[in-house]
Amino acid sequence: MATNVLCIVERAGAALDDGAWELLGAGRTLADGGRVGAVLLGEGVGGLAHERAGGFDDVWVFDDARLADWDGLAYGRAVAAVVEREKPDLILAAHTNLGI
């Protein structure tokens, strides 16, 4: 049975954090033929997502100055909007210093 997986990915400077690729690999394994999507939040991440998020089936970008610094409430609202609309079977996030 295919599973749709949503990965919450982070950036490290001008690239996606290495954890994004670990999440992609785990997501592909767990999806078992389903879709693997990524949510990327922050300021100035729009181009980054489209240039460097290859491998994910779908990418949802929240590029906003209010997301420049970690804000659990703002990040949570953005991710919740994607979860509500897409209804993934599984959500993956890396355990990092960012706080996600």
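What share of the contacts in the protein with a separation of 6 or more is accounted for by residues 24 or more positions apart? In this predicted model, such residues account for 63% of those contacts.

The secondary structure comprises three helices and six strands, which follow one another along the sequence in the pattern β-β-β-α-β-α-β-α-β. The radius of gyration is 13 Å, close to the 13 Å that the globule rule gives for 100 residues, so the protein is as compact as a globular protein of that length. Taken along the principal axes, the box filled by the C-alpha atoms is roughly 40 × 25 × 25 Å, and 37% of the 100 residues count as buried.

The largest nonpolar core contains 17 residues, of which Cys7, Val9, Val36, Leu40 and Phe56 have the most contacts inside it. At least two residues of this core are supplied by each of strand 1 (5-9), helix 1 (18-31), strand 4 (36-42) and helix 2 (46-52), and helix 1, with four residues, gives the most. When neighbours within four places in sequence are left aside, Cys7 is in contact with Leu23, Val36, Gly37, Ala38, Val39, Phe56 and Leu92. Apart from this core lies another, of 10 residues, which includes Ile8, Leu41, Leu67 and Tyr75.

As regards the surface, the protein exposes about 5,600 Å², of which carbon and sulfur atoms supply 50%.

Notes:
Residues are numbered from 1 along each chain as its sequence is written. This is a predicted model: local features need pLDDT of at least 70, side-chain atom pairs count only at pLDDT 80 or more; totals for chains, interfaces and linings use all residues. Side-chain values use heavy atoms; hydrogens and water are left out. A nonpolar core is a set of buried Ala, Val, Leu, Ile, Met, Phe, Trp, Tyr and Cys residues joined through side-chain atoms within 4.5 Å. Buried means under 20% relative accessible area, exposed over 50%, partly exposed in between (1.4 Å probe, protein chains only). Contact means heavy atoms within 4.5 Å. The radius of gyration is taken over C-alpha atoms; the globule rule is 2.2 Å times the number of residues to the power 0.38. Accessible areas come from the Shrake-Rupley method with a 1.4 Å probe; for residues, only the protein chains shown count as cover.
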